[in-house]
Amino acid sequence: MGTARVEAVFLLQTSASLFRDGYCADVSARITEASGAPGFTSAMAIGEALQALGVKRIALVSPYSETVNASARRYYEGRYGLSVVALEGFAATDSYAIGKLGPENARDAFARINRPEIEAFVVPGGNFPTIASIPSWEAEFGKPVVTTNQAAFWAVTRRLGGSERFADLGRLLA
């Protein structure tokens, strides 16, 4: 990376942001100082994406444990003013377990918790393979779905001044 022209640095580990107030600001500042490029986290990207979509009431469908999910609720409600009206987690214990979850886990959770007051579904977890399923989920449930990798792509594109649209990656990128 010594000769690369790095224009943004992104920490793709959503759960890291959820346990300490100020973590995102601290790590972003450290990344920016060390690299000379704007730094940010996936938790920030998800929050910013939800703000861009104009939603306030969300459902979290997470690969994480109850403890991590409780932290996620506090983070998104406290930092972004969202209301987590439904939450379901899969109690994965590490990133390898998350990577073994199939997208049908999220889809089935959406079906179980879906109700009219939910304006968007949020699926954190960069190692949770969900991005290809977003368009079909949005069509089925009639609500935007924001995932870690999709929000990361959106946030990087936005920070670099890109205006391209990617309809096959969900409402956020369309």
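Guide: In helix 7, the buried residues are Thr148, Gln150, Ala151, Ala152, Trp154, Ala155 and Thr157. Keep in mind that this is a predicted model.

Visitor: How do you know that the reach of helix 7 is close to what is expected?

Guide: Helix 7 covers residues 148-159, twelve residues in total. At 1.5 Å a residue you'd expect 16 Å, and the distance from its first C-alpha to its last is 16 Å. Gly161 follows helix 7, with a positive phi near 80 degrees.

Visitor: How do you know that the span of helix 1 agrees with the 1.5 Å rule?

Guide: Run the rule on helix 1 (residues 23-35): its 13 residues should span 18 Å, and the end C-alpha atoms sit 18 Å apart, so the two agree. Just after helix 1 comes Gly36, and its phi is positive too, about 80 degrees.

Visitor: Why do we say that the buried residues of helix 1 line one face?

Guide: The residues in question are Tyr23, Cys24, Val27, Ser28 and Ile31. Looking down the axis of helix 1, you find them within an arc of 115 degrees, so they line one face. In general, an α-helix has 3.6 residues a turn, so residues three or four places apart point the same way. Strand 1, strand 2, helix 2 and helix 3 (66-80) are among the elements covering the buried residues of helix 1. Arg30 and Glu33, on the other side of helix 1, are exposed.

Visitor: Why is the pair Arg5 and Glu7 called a salt bridge?

Guide: The cut-off is 4 Å between a side-chain nitrogen of Lys or Arg and a carboxyl oxygen of Asp or Glu; the closest N and O atoms of Arg5 and Glu7 are 3.8 Å apart, so the pair counts. Asp26 and Arg20 pass as well, at 2.8 Å.

Visitor: What makes Arg5 exposed but Glu7 partly exposed?

Guide: Exposed means over 50%, so Arg5 qualifies at 72% relative accessibility. Glu7 has 46%, which lies between 20% and 50%, so it is partly exposed. Asp26, at 36%, is partly exposed, and so is Arg20, at 42%.

Visitor: How many salt bridges are there by this rule?

Guide: Ten salt bridges. Another of them joins Glu117 to Arg115, with the closest N and O atoms 2.5 Å apart. Beyond such pairs, shared partners tie Glu48, Arg158 and Arg159 into one network.

Visitor: How do you know that the radius of gyration of the chain agrees with a compact globule?

Guide: A compact globule with 174 residues would have a radius near 16 Å, and the chain has 16 Å, so they agree. The C-alpha atoms fill a box of roughly 50 × 35 × 30 Å along the principal axes. Buried residues make up 45% of the chain.

Visitor: Which elements does the chain have, and in what order do they run?

Guide: There are seven helices and six strands, running β-α-β-α-β-α-β-α-α-β-α-β-α from the N terminus on. Of the contacts between residues at least 6 apart in sequence, 72% join residues at least 24 apart.

Terms used. Residues are numbered from 1 along each chain as its sequence is written. This is a predicted model: local features need pLDDT of at least 70, side-chain atom pairs count only at pLDDT 80 or more; totals for chains, interfaces and linings use all residues. Side-chain values use heavy atoms; hydrogens and water are left out. Helices (H or I, at least four residues) and strands (E, at least two) are DSSP runs, numbered from the N terminus. The expected span of a helix is 1.5 Å times one less than its number of residues. Buried means under 20% relative accessible area, exposed over 50%, partly exposed in between (1.4 Å probe, protein chains only). The radius of gyration is taken over C-alpha atoms; the globule rule is 2.2 Å times the number of residues to the power 0.38. Contact means heavy atoms within 4.5 Å. The arc is that of the directions from the helix axis to the C-beta atoms.
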